[in-house]
Amino acid sequence: MDSPKLKPNQLRTSLARLLTFAVLVLAVRFAYVITLAGESCGYNDFCFFPDTFRLHSRVVPQNAAVSGAVLPRVPDLWTTKKWRRTVDYYSAIFQELIAEGFLSPNSRALCVGTRAGEDVLALKENGVVYSIGISANTASPPLIVPGAPHLQPFDEATFDFEFSSNGSLDRSGRPADFAAEVCRTLKPGGFFVAQIFAKDNYSFHSLLDLFNCCRLIRTRDVDGVDTTSVREVVLRKKTQFQNPRNLGLNGNSSKNCEIPGYKRELVQKAEALIEQEPLKPWVARKRSLKKVKYLTSMADISFKQRYVYIDVGARGYGSSIGSWFKKQYPKQGKSFEVYAMEADRAFHEEYRDKEGVSLVPYAAWVRNETLFFEITRDSGSKDVEVAGGVGRINHNVRSSSSYGEEVDKIKGIDFVGWLKRSVSGSDFVVVRMDVEGSEFYLVPRLIESGAICLIDEVFMECHYNRWQRCCRGQRSAKFKRSYDQCLELFNKLRAAGVLAAKEGREALVIQERMANIQFEEYDSGKWNDVLG
């Protein structure tokens, strides 16, 4: 008996069922690979991301392979109501950015420093399929791959759109490197959108200085993910941009020093200078201390590359670094690099075991040369301990043999040149200056050279022929400058956009020291170790 033949309709039905079953198997396998195994391109038959999203091998840690065996398969967060609310919040943000033309479904998007991938999922739900996030702490494919914001695991010009959510740039700890990586991986003409907590003009312009590859499109205040208001900043990468780092430039060589309006605003908020010379300067100094307004109490300094404190004429560690800066100066939780510039060898030993403090064993001056000074002490004193400070400047050139028996020789360094080599315009720099009269030479030199733009805040002890506490009606014979000349010096600093205040530390002079300083031209070839 012949076997029954299938009718054409039955054949078509069987083929349709077989095809449906095959599609179902493929769908189940896809769901397993993407959802359960957490893979993106780990399987040969599935690749979630295009080739342009492949990780750069130099950045991804060896122990951070994206695989289901190492990373959590289904993060608990992805099933919570808070997760869903956060996704909806970012979805609304991205819908507005799409409407404004900053983002499109065809964009390749990166969420830098994402918390748990909510912003990445919001992008995908809005049709931006090619989206990924990086986090240095967590990796949960397919939404997040391992990568630090300051060292992105992608090639140059990979993304059309990059997003930094909910203050991740503020908290990065390395904002300058964060900005450099965005500039590297963002395509020319691409958009970078950041939600930042800082809202004062100083911090805002500090941020713009970091993102020098971009131009500002707009900024506005919006509700944050946790209802706290944030500032939304939209930047667009310039079509032609060369990174100064690749050119070996740090931007410190120019003499031009334009004073931006936001710095002038800060100076106007500073405490008023005392216009009339006080008859009791030792009393006025204590009163003025209570009125000092620190820059860090008026502005956010988060968007700076480094934080540097330079103590010029530092004397001993406890003189100002340990007693004032370490304990009293408001640092906003930032870690400062500290430089102690002190030529007096009597204090050098103190800095040998001071962690985080670099000794610069030279006297700050307007050029590199050897300085001679003579010490005059009270003949009735039994102590020979020498106080810090180099005394008053004298330009009369004489040989060292014309001095008395006690002659010290120290090296003076071009302070402007040293400053330009040591810091950049992206750093936050605080300078304390107590140089026994040399301020009348150093400050004009800083302004004329443009190096003053590298300094944010100055605390300066200005030395003049003040009224004596011991002898009524008598002025100090140690210094020849007047109070009005000191006032003019402070006004010049403030006119240059530097928040300048009188240095209020009481002089810790162990023994009166009178010095006449001579200068001797020094062979520039001997200064290689100083100039670096």
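Me: Which residue is the bridge partner of Ala-109 in E4?
Reply: Phe-161. This is a predicted model, where local features need pLDDT of at least 70, side-chain atom pairs count only at pLDDT 80 or more, and totals for chains, interfaces and linings use all residues. Residues are numbered from 1 along each chain as its sequence is written, and side-chain values use heavy atoms, with hydrogens and water left out.

Me: In what sense do E1 and E4 pair?
Reply: Parallel, over 3 bridges. E1 covers residues 109–112 and E4 residues 159–164. Strands here are DSSP E runs of at least two residues, helices H or I runs of at least four, numbered from the N terminus. Two strands pair if DSSP finds at least two bridges between them.

Me: What is the strand order of the open sheet?
Reply: E3-E2-E1-E4-E5-E7-E6, 7 strands with mixed pairing.

Me: And which are the edge strands?
Reply: E3 (144–146) and E6 (214–223). Each pairs on one side only.

Me: New topic. Which residues touch the most other members of the largest nonpolar core?
Reply: Ile-310, Val-312, Phe-415, Trp-418, Leu-419 and Leu-446, out of 44 residues. Such a core is a set of buried Ala, Val, Leu, Ile, Met, Phe, Trp, Tyr and Cys residues joined through side-chain atoms within 4.5 Å. Buried means under 20% relative accessible area, with a 1.4 Å probe and protein chains only.

Me: Which helix gives the most to this core?
Reply: H11, residues 483–495, with 5 residues.

Note on methods
Buried < 20%, exposed > 50% of the residue type's maximum accessible area, 1.4 Å probe, protein only.
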